[in-house]
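Me: I would like to go through this complex term by term. Please set each value against its definition.

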Amino acid sequence: MAIVSVRQLVKRYGDLVALDHFDLTVERGEVFGLLGPNGCGKTTAINCMLSLLTYDKGTIELFGEPMGPARYDLKRRIGIVPQQVAVFNELTVEENIDAFCSLYVADRTRRRTLVDRAIAFVGLGDFRRFRPQKLSGGLLRRLNIACGIAHEPELIFFDEPTVAVDPQSRNAILSGILALVDAGATVVYTSHYMEEVEQICGRIMIMDRGRAVAEGTVGELKGMIGIGEKIVVEVTDLPEAALDAVRYLPATVSASYRGRELHVACAQGESHLAAVLEVLASFGVAPVRVYSEPPTLNDVFLEITGNELRDHGAGDERPAGR
Amino acid sequence: MLTQIYYNIRMTLRSTGVVIWCFAFPLIMATIFMTMFAGMQSNQSTHTIKLGVVEDTGWQDATGLRTLLEELAYPSDAEDEVPLLALTGYADRAAAEAGVRAGAVDTALVIDANGTEHLLVAPSDAGSTDQAIVQTILDRYLQGEELAGALAKHDPAARANAEARAALAENLSGEQAATAELSVLREPPSELSRFYYALLGYSCIMCSTIAQTLIDRTRIAATPEGSRRQVGALSPARQLAAALVASWLIVMTSMMLAVAYFYVVAGISFGGRVWLTPVACGACALVSCALGAFVGALPGTQAGVKDALITIATLALSLPAGLFGTPALEVANWLSQHMPLAQLLNPAVQATEAMLSLTFYDSLAPFASACGALLAIAALLGAGALIFMRRQRYVCA
Amino acid sequence: MSVLKIAVRLVAEHRVLFAVYVLLFSVVGSFAAGSLGPVSTTYEAVRPGVAIIDRDESAVSRALASHIAAVSELVEIEDSTRALQEAAAKNYADYVLVIPAGYGEELVAAARAGLDAPDLECVVSYTSANGSLMDERVRGYAQELYAIAAASPAAHAEDLVKLVDASQDTGVAVEIIDTETPGLPVTYLVYCQFALYALFGGVAAIVGIGLADLRTPEVRQRIGATPVPSAAFDTQIAGAIALCGIAVWSINAVVGIALYADELACVPVALTALMLVILFALMLVGMAFGFLIWQLGVRRELVHAIANISAIIISFLAGTWVPLANMSAEVLAVARFAPGLWAVSAMEMLVRATSVTGELVTSVLGHAGIVVLFALAIAAAGLAVGRARRAIA
């Protein structure tokens, strides 16, 4: 069953179209990655799904039922970990989690267990009585997560939860998310970190300018782009003519030589490693080291959304952190 | 909802700003008022004026006047009575002038060679009340002499009679025509209590920052926490109610704490009707919440601007309540007499008014009407806040 | 100079603080001074606000009323309990005189029978010195009427009144002592007393808030990594603080001189200059306090609280709100340990001054010196805090 089902969603801010006939389906139990450059409409889409924002057109169904601002029964089953750390600076870690949890769970004793569980889950056991100002960036992010998941929601939106977090905390967060999914939750995950998304998301959607531009599993996405494998050859010296010859190979998309390394991006298809080495041999270049790697999600992302810098123009995406 | 109220209260009480400005500040100010007026109150009714006299032959010769002044300076009848005058002798006019100029005495009396009295005052404080009191005493003495002379001209025969002359002199300096102080108020008025009451008015406005902050923290897009809360499964109306109840409780506590401090430490009696103060404080706390909600709901206003608005409102509205000293009290009086509507709509003034009527007036009607005015102001602001909030619901970013 | 430039730019971003703390409080000061009224060179007896409720309407009561009206400012008050209560509670009038019905006749009758006259009723406000004065005036007039009525058993009330009124012009001559030169006007003194708030609290708030960014660990780390030596950094910060102080002092001084230009024109320039020196010394205390707050790394929201509350206390201890003479000995003892008292007593010397003498200049400068010592002590505390913090870091 589809947990999230968004059809033909349109959201405008004046002349700016933030969401342009946006469609999204998330199935139960999956970790769905929502990627896109800054200002592409990710947070707007999430806020519309949560009924925090009105929208101009389209339908949003959660758990198979139409979502609306007064659907508290549905809201009770949803958790959100916002991009900005949204906690009360005057309350301690424990109090913060309980305060937010109390918006979902009225029963005090049950809440106590839930809060304890959430604290254990994010590993803030030693910091229960700390106020947010005293927490480091990684701990603060973990608190931000705990506040969103303590009521054990079935559907959780993670909006760039790992911004400014060290690798250890990030790993803890990611494996935590997987644990939540194992426990039965469905996750919608947005991030700028491609390797994270590649690591945990089953299905991924790339958004740009308010629309879905690509959707599929990691493998499917990689198959959609022009680049196949990337070949790196370490050589002591490379004559200009040899580089040109590599560039003239039919499968070569691009080739460059920098820092004693020859980088060749090849088109999709079978491996072109042999052909490249053959050309090099013909110029008398002996490779020191050779390796070939498949395209990364980063390549997919950049190829689909283009290389130009974003972050200008209006959008709902505020810079991460504070 | 109870949990929300609890956490709202908890985080507000942990905010340093709130604790300083809404709880500590009124108490600090009350303490300052107390020390400030401690000296003043004691020397108000029992006030001694420092009069210098040039003790030359003129002084020695003016027997009547000298006796009068000496009696005022050294009253024989009541030992515990504080004398009206304290006499300081000077050898000559130059010494007296120096004394007056240096502020050692309020004024000095010189009787010249012709027997004419002169009162010397310093240019820096000419026209003080104390000088006028001395002047009135001397005037009265001189007028008595003048009157005796006039009478003698009018009826020379009667004036030749020594007994009649003595009777006239006695009557002129006597105290048969007296005044009785009416006590129209339930207790003696004091400028001091008005300052304290104005302080409650200040609290009422200043505390609106509590409601403003709490409401902002439950509203979408006003704060990150607010957006997050609105995702929760508790309806916005109930969250708003939780914020309002929490702010009302805090403001009420802050005001009652101030009242208790005034009552217990500063000795302000509230006219023996301290049991009615919670009614006024309750109404004030409502205004405070409504004002906070109103400022919080103002569209397109940033947090810093809201803070500034509340600070400005606090200063601007407390001034006509008479918080900033005697000049402010005069402005308050002028406004009450000439622009009653402006005063009626000013919650700080109505808060002060409520306490004042409670303390001083026999009838409780003025108190009730001040509380009524407070409730009306709260209703007005609350309605305004609601209109703004309805317009903004769900629109963010 | 780079740090100084940054600091000045940061402070300039907080221009609004100058408007609030300096201009606003200068205006408040002049407002308070304005309540004193203009300084006059001739003596005029004080005219308290008085309301008269004449329930008698006889020749005697009318005479009494018009006599009182001549020596006071009349205030209209209705003859109702509520109006009387409001007038008394809010001090609409210093003195409310109620002449009971039949008073005139009874006074004359009592005088002739040798009995005590009926009481006049009065409501005395809480500013009771003025109230006592009016009471003195009322009783004096009534007593004169009484004495004359007793002495002329056959005369009509109208004649008695005429006789008493004729004597009212008699009185003691009040002279203002001639001085070679007048001292500073009292209005300017009050303005300068209020300036204490801007110079102390204002400078402290501006420094504390304006330079807060230069105090954050991140920025300190950044600056620490630049080739600016730490001594140079400190000096430039001190320079920036000094600029803030001098700016506040100049604004306040210019506003004051502009407001009281006419009065100050007839006073020796030296007195005004000495006043500015005292204000400058006070500003140094504000600067030192701002520096201390800055060194302590006080949070922004607390800076306002600390600056304002301490400014309130300091100006209170300086006698800005209530004259020092009216304070109890205990408070005065405490006040000696605050800079305001010394500054204000020096200011009062300037007001009382009759000529510019070496003695006056020395004692004023002496007091200003004590104020500067307070500044030095606070600044030293600031330096010590800075050292301690650096050592910990």
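Reply: Start with the pair that stays apart. Chain A and chain C do not touch, and their nearest C-alpha atoms are 13 Å apart. Contact here means heavy atoms within 4.5 Å. The model is predicted: local features need pLDDT of at least 70, side-chain atom pairs count only at pLDDT 80 or more, and totals for chains, interfaces and linings use all residues. Residues are numbered from 1 along each chain as written, chains are lettered from A and ligands numbered from 1 in the order written, and side-chain values use heavy atoms, without hydrogens or water.

Me: Which chains have the most contacts between them?

Reply: Chains B and C, among the 2 pairs of chains that touch. Chain B gives 80 residues to the contact and chain C gives 83.

Me: How do you know how much area chain B and chain C bury between them?

Reply: Buried area is the accessible area (1.4 Å probe) that two parts lose on being put together, summed over both. For chain B and chain C that comes to about 7300 Å², with 64% of it on carbon and sulfur atoms.

Me: Why is the pair B:E353 and C:K90 called a salt bridge?

Reply: The term asks for a side-chain nitrogen of Lys or Arg within 4 Å of a carboxyl oxygen of Asp or Glu. In B:E353 and C:K90 the closest N and O atoms are 2.6 Å apart, so the pair qualifies. Chain B and chain C have 2 salt bridges between them. Helix 6 (residues 129-154) of chain B supplies 16 residues, the largest share of the side of chain B that touches chain C. Helices here are DSSP runs of H or I with at least four residues, and strands are runs of E with at least two, numbered from the N terminus.

Me: What makes strand 1 and strand 2 of chain B a pair?

Reply: Two strands pair if DSSP finds at least two bridges between them. Strand 1 (residues 49-54) of chain B has 6 bridges to strand 2 of chain B, so they pair, and they run parallel. One bridge links B:I49 to B:L85 in strand 2 of chain B.

Me: What is the order of the 5 strands in the open sheet?

Reply: The order is 2(B)-1(B)-3(B)-4(B)-5(C), with mixed pairing. Strand 2 (85-90) of chain B and strand 5 (173-176) of chain C are the edge strands, as each pairs on one side only.

Me: How far apart are the centres of domain 1 and domain 2 of chain C?

Reply: They are 51 Å apart, taken over C-alpha atoms. Domain 1 of chain C covers 3-39 + 190-392, and domain 2 covers 49-168. These bounds come from an automatic or database domain assignment.
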